Every structure is written in C-alpha cells, then in structure tokens.
Amino acid sequence: MKTPNYRSKTKSELVRALCTLTLSSAAGLLFSATAFADVVVEWNSAMTDYSESQPPPGIPPYIESRVYAMAHLAVLDAIAHGHNYSAEAAVAQAAHDVLVNQFPGGAVGFDTLLATQLGAIPDGEAKTRGVQFGARAARDMLRERANDGSATAEGPYVPGNQPGDYQFTPPFDGPPFNGYAAVPKWGLVTPFAMNNVRHFRAPAPYTVRDLEYTFDFNEIKALGSINSTARTADQTNLAIFWYESSPNGWSRIARLLVAQQSHSLAEHARLFATLEVALADAYIASFDSKYLYNFWRPFTAIRRAGTDGNDLTVPDLGWEPLLLTPPVPDYPSAHAAAGGAASAVLISFFGGDDHTFTLASTFPVPPRTFNRISDAAKENAISRMLVGIHFRLACTVGYDQGLAVGQWAVQHIR
C-alpha cells in the first residue's frame, strides 16, 4: 500500500460514498426504513452516557474508542443475516453483551435498556432468533479482541535526555505517579480496519532548532498559557469546549446529524460502526507515532528553552498550560487525529461537508454552531494548541493522519 499523503486535503478524497447496507440489499430483515431506526442510536448514546458519568479522571478516550468500536461492529455483524429474524432484537442484544463485558459498572443501565427494547418487540421466533444472532455476534467480537494487545499496552517508559525528548509532565512526574507515560504500547494494539499501522505513520516532526518550531513555540507560549493575555475570550471558550473526550464528542455530533435526516436501522449500524472504528484506529495510529518520535510537550519545552540550543526561544520557568497536559508525547495530537478520522466518515456518509449543527460540550462553556463538518474537526484540532498542550504542528499533522485513517475505514468497513 502506498503511504498516505497526510497533507493532502482534496475534496474528492474526503467525499467518498459510504457503501451502506440499504433495505433493498437487506431483504428479509424485519424492519422498515423508520421503525426502530433509533435502536442503534440509543445504544450509542447509552455507551457515551455511561462513560461521561464516570468520576474523574474518567475512562481514557483510547479505551472508550476500542469499546465503542467493538460494540458497533458486533451490532453490524448481528444484522448481517438474511431473513426471518428481528434486526432490532439482534442489535440490542449484541450491543448489550459487549458493553456489559467491557463496562461492567454500567450493567444495570444496560440491562434496563435491553429489557425496554426487547419488551417493545413482539414475542415469537423472529425475536428469539434476533437475540441469538446478537448474542453470537457479541461472543465472536469479544473472542476476536481478547488478545488484541490492549491489556498489555502499559509498561515502563524511560525518557530521553536530549532537547526535544519527551519528559514526564505534572502531576505525572511526581508522587504518586513518580514518572508515568500512558500506554506506550497502544500503537501495537491490533487495528480494527487498518491493515498495517505503519502505513498511517506520521512523518517525522521538526527539530527544536528549526524555524517552524520557533514559530510554534512562541505561538503556544503566548496563546496557550493559563495566564495568557493574547488569547481572546472566544479562543478560551473554544479551547475548553473541545477538551472533552473525542469518542464521546464525535458520537454526539453523529447523533445530531442523524436526527436531521431519515435513515434505516442498517444505515445507522454501518455509520456508527465505521465512525467508531475510525476513531479507534486513529488512536492506535497516533500512539504508534507518538512513541516513535517522543517529542516533548510545550510545558517542558517552554520551561527548558534555555537548554534547547535555539537562540530564538526564551524560557519561562513559571509557564503553565490552560488545562492539564495528558501523560503522552506531543507529536502528533491524538485528539486532532480523532477529529480528522470522524469528519472523514461523517462527510462521506452524509454526502458532503456542508451541514449545520449546534453542539454542546460537557464543559461549562457556550454551545458552538458549525456550518461544515470539517470546520468542527479543524477547530477541534487547533484547540489543543489554544489549551496549551500541543504545538501547532502536532495538531495539523494529527488532523491529516486522522483523515487518512477515516478514509481507509470508509473504504473497508463493509
């Protein structure tokens, strides 16, 4: 496979038709274009609601993305049978069984939703067969992902000692962490759609003596500081708005867009499976690149600028980002990659970029309105610079990396 050009943003690449399972190609499934069309959406909402209900620090987004992809792929598999069964029952049972296994703390809520949905379906052989198909799809998915590398992704990490090398950031550099970098082997997790994570690897970043780095350094030093006087009020709101979990936020965007149009249950199943797979693979690709390049975070770079050999960077020993820096290397931004991947899927499914929607954040800032899906993804990416935790290059390259992953998912989730 040819290595993707991460800096390519042609419209033809973004707007590829998503191969959806329509009613005409799913003859015999016991649903109409509108009946029970929200069963898939309800399960997507249930899984993100559970995640958002968890106390700080919450569930890491790379774990969320893996579980969401597993649940929605099981759903897609559950409705792939040809005839004489309830597709709604299959969807409900498949999603329930994966989520109860992966998020056991949510079992009560998941059990309640399953009972409600199954209770609305007439008893009979079709319902029984649907439940059986859903349970089987969940078992197959759980077995397939049992040894995917996610359980062994944590491990020791030894920072380098050269300018530009990633260093532990507060509070992970002191007690009780005493030096912690999250899941350094997440890039080894088995992808869902990517055939080889190296095909989606980001190009090498700049060095700390490059002029582009100097520009990025001074930009984030001014705009990303907790005490910034250069960042506008809207930029502050923007930065905080997008600080939330990407899998949750982009799932919410998909639900908003779905509500604007009429789709079948099968189309919902394929949309959310493709979306969550793209998000999961974007995290895998991003972490592969992060721990290959091990580039330092702005917090370290600004405080240690006096040691970087660049006469155009000036240290600030008291500099702090607007919000907490996650314990992973800077380059590329996984948050930006997730947004790029999600936008590629949504633009393809909805037949273009021009869609207006108003999105609320889980953080206490005003909602934001977008007229294009890509505008939201680009704003999501650059928010990581404005919040003070990623250099601009990490944001732009992460976004491009995510586009490539999302486009691949669109082509390969069938």
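This is a predicted model: local features need pLDDT of at least 70, side-chain atom pairs count only at pLDDT 80 or more; totals for chains, interfaces and linings use all residues.
The lining of the largest pocket divides by class into 19 nonpolar, 11 polar and 6 charged residues.

**Stop 1: the largest pocket.** Select Pro 57, Ile 59, Pro 60, Pro 61 and Tyr 243, which lie nearest the centre of the pocket among its 36 lining residues. The volume of the pocket is about 1000 Å³. Now colour the helices α2, α3, α9 (246–258), α10 and α12 (334–349); each of them gives at least two residues to the lining.

**Stop 2: Pro 57.** Stay with Pro 57 and find the loop between α2 and α3, where this residue lies. The bond to look at is the one joining Pro 56 and Pro 57, a cis peptide bond with omega of about 10°. Most peptide bonds are trans.

**Stop 3: the loop between α6 and α7.**

Select Asn 178, which is in the loop between α6 and α7. Its phi is near 55°, a positive value in a residue other than glycine. Then select Val 183, which the loop between α6 and α7 also holds; phi of Val 183 is positive too, near 30°. Most residues other than glycine have a negative phi.

Is Asn 178 buried or exposed? Asn 178 has 57% relative accessibility, so it counts as exposed. Val 183 counts as buried because its relative accessibility is 4%. The cut-offs are under 20% for buried and over 50% for exposed.

**Stop 4: helix α4.** Select residues 87–102, the 16 residues of α4. From the first C-alpha to the last, α4 reaches 23 Å, close to the expected 22 Å. How many residues of α4 are buried? The number is 12 of 16, so α4 is mostly covered. Among the buried ones are Glu 88, Gln 93, His 96, Val 98 and Leu 99. To see what covers them, show α2 (39–52), α3 (61–78), α5 (107–119), α6 (125–144) and α10 (265–293), against which the buried residues of α4 pack.

**Stop 5: helix α14.** Finish with residues 392–412, which form α14. At 1.5 Å a residue, its 21 residues should span 30 Å, and the end C-alpha atoms are 31 Å apart, which agrees. Helix α14 is mostly covered, with 17 of its 21 residues buried.

Notes: Residues are numbered from 1 along each chain as its sequence is written. Side-chain values use heavy atoms; hydrogens and water are left out. Helices (H or I, at least four residues) and strands (E, at least two) are DSSP runs, numbered from the N terminus. The expected span of a helix is 1.5 Å times one less than its number of residues. Buried means under 20% relative accessible area, exposed over 50%, partly exposed in between (1.4 Å probe, protein chains only). Contact means heavy atoms within 4.5 Å. On a 1 Å grid over the protein atoms alone, a cavity is a set of points where a 1.4 Å probe fits but cannot get out, and a pocket is an open set with protein on both sides within 12 Å along at least five of seven lines; lining residues have an atom within 4 Å of a point. Grid points are joined across faces, edges and corners, and a volume is the space filled by probe spheres set on the points. Ala, Val, Leu, Ile, Met, Phe, Trp, Tyr, Cys and Pro count as nonpolar, Asp, Glu, Lys and Arg as charged, and the others, Gly among them, as polar.
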